[in-house]
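Let me put the model up before I start talking.

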Amino acid sequence: MHPTTVIRRLEADDLAAAGELGRLAFGGGPPTAPPPRDPPPGRTGYGAFDPDGRFVGKAVDLHHEQWWAGRRVPAADVAGVAVLPEARGRGVALALLRELLRGARERGAAISALYPTVTGPYRRAGWEVTGALRAVDLPTVALPRHRPAAGLTVRPGGPADLDAATDLYERIARHRCGLLTRRGGAFHRDGAPTALPDGVDGLTLVEQDGRLVGYASWQRGRGYDRQAVLTVEEVLATTPEAARELVGVLASWQSVTPTVRLWPLGSDAIAAELPLEQAREHEQRIWMHRPVDVVRAVRGRGWPAHVRGRVDFAVTDEIAPWNTGAWRLEVDGGDAELHRITDEPAARLSVRGFALLYTGAADGYAVAEAGLLHCPAGTDPGALDLLGAGPRAELLDYF
């Protein structure tokens with residue numbers, strides 16, 4: 001990067017240039033609407049400008065929250081990272097990410113996730129691959145159908161039901177790790193919804209005693225031949241009976257859509273009803289994670305109430321130096337704290353290793369084998385598993 005390249009937050013006058021760079025980088029079509037007059041709510045854009053004031057790069061901090069075992073953790077999820085072709089390979093993206101992390105910490109963010117088009121630049125900035133958002137195709141004819149359960153009502157939904165669907169999603173997501181809260185920030189909306197979201201043709205609801213216990217949002221797609229696909233944007237249930245009803249509704253499409261495409265959670269009521277042995281992977285989008293602030297990341301999340309322990313380790317983070325240093329992790333009764341210590345710990349952890357452990361993507365032995373955790377002979381790398389106590393992190397939203 002040229003020493004006089006400037007990184008700053010985007011203003012209204014920069015939005016047209018940012019939109020054009022995004023269109024070029026990601027292969028979008030010509031703009032169909034003028035750029036917004038003001039930056040969209042729930043996000044902070046950062047731009048890179050060369051010595052001539054030319055716009056050469058951008059990155060966006062999405063003001064999300066992630067659920068971590070019953071607690072909302074403020075996140076700086078990253079999107080729209082793009083650099084002008086003539087400016088690539090000069091450290092522009094790294095400088096943008098460094099400034100994004102600094103600004104995210106100032107506004108109170110604790111953690112960050114992103115979907116990379118390539119992993120190398122983000123690994124250099126401290127993110128590590130910790131999961132994947134998977135879409136699978138299932139033969140519709142293989143989906144089980146059961147006799148309708150007594151006491152359940154299955155009906156089509158509309159815009160007035162979207163808030164109830166969000167509430168059900170929250171009941172499922174809040175006790176997991178990594179799933180977005182879908183409240184406020186980039187998810188803010190004014191007033192009650194008047195239409196289903198773009199790309200959604202139908203909403204199927206399952207209710208019990210007037211309370212929503214399951215839903216599926218879906219896109220019908222085109223045609224009714226062998227290539228026809230019913231795309232299920234989301235399907236969630238809080239009871240096995242509701243899951244069976246929803247899977248049965250999806251199975252009813254077998255005469256006109258031989259394939260159902262969906263994005264399953266790793267394990268839930270829906271997955272327990274699917275013939276996953278017949279699933280074919282349609283696509284996989286890997287996602288990466290890192291702490292914005294290690295102290296907040298540890299303090300802000302929920303921890304298993306039965307887990308107690310203490311472990312010392314050092315962290316190295318060249319991009320977010322406030323994370324670098326010697327730390328003591330103490331977990332007790334559902335809470336945890338990370339304290340600075342003066343002693344030099346035996347275990348030395350890179351920030352990428354921190355991400356793997358924190359999200360439950362790998363244990364201490366695997367992180368050590370990857371060279372992201374260094375322990376002297378006779379030291380047990382498994383002691384660092386305490387940092388990832390709880391369920392493995394997941395994502396259901398692409399951003």
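Predicted model: local features only at pLDDT ≥ 70, side-chain atom pairs only at ≥ 80, totals over all residues.

Residues are numbered from 1 along each chain as its sequence is written, and side-chain values use heavy atoms, with hydrogens and water left out.

So, the sheet. It's open, has five strands with mixed pairing, and the order is β16-β15-β14-β17-β18. At the edges you have β16 (335–340) and β18 (373–374), each with a single partner strand, so one side of each has no neighbour in the sheet. Two strands pair if DSSP finds at least two bridges between them.

Now look at β14, residues 309–316. It runs antiparallel to β15 (residues 325–332), with seven bridges joining the two; Arg310, for instance, has Glu330 in β15 as its bridge partner. With β17, residues 348–350, β14 runs parallel, over three bridges, and there Thr316 partners Ser350. Then β17 and β18 pair antiparallel over two bridges, with Arg348 partnering His374 in β18.

On to salt bridges, meaning a side-chain nitrogen of Lys or Arg within 4 Å of a carboxyl oxygen of Asp or Glu. How many does a search of the whole structure find? The count is 29. Arg308 is exposed, at 57% relative accessible area, and Asp332 is partly exposed at 47%. For the cut-offs, buried is under 20% relative accessible area, exposed is over 50%, and partly exposed is in between (1.4 Å probe, protein chains only).

There's also a network: Glu65, Arg72, Asp167, Glu170, Arg174 and Arg183 are joined by salt bridges that share partners. Within it, Arg174 and Glu170 meet at 3.8 Å, N to O. Arg174 is partly exposed at 27%, and Glu170 is buried at 14%. Elsewhere, Glu128 bridges to Arg123, with the closest N and O atoms 2.8 Å apart. Is Glu128 buried or exposed? Buried, at 4%, while Arg123 is partly exposed at 31%.

Next, helices. Tyr358 sits in α7, residues 351–358, and is buried at 2%. Glu369 lies in α8, residues 364–369, and is exposed at 68%.

Last, the backbone. Most residues other than glycine have a negative phi. Arg182, though, has a positive phi, near 60 degrees, and lies in the loop between β8 (177–180) and β9 (202–208). Arg182 is buried at 17%. Asp209 also has a positive phi, about 55 degrees, in the loop between β9 and β10 (211–219), but Asp209 is exposed at 76%.

And that charged patch I promised: Asp363, Glu369, Asp380 and Asp385 form a negative one. Asp and Glu count as negative and Lys and Arg as positive, with His and the chain ends not counted. Patch residues have over 30% relative accessible area and no salt bridge, with like charges joined within 9 Å and nonpolar side chains (Val, Leu, Ile, Met, Phe, Trp, Tyr) within 5 Å. Charges are placed at NZ of Lys, CZ of Arg, CG of Asp or CD of Glu, and areas come from Shrake-Rupley with a 1.4 Å probe, where for residues only the protein chains shown count as cover.

Conventions: Helix = DSSP H or I, 4+ residues; strand = E, 2+ residues; numbered from the N terminus.
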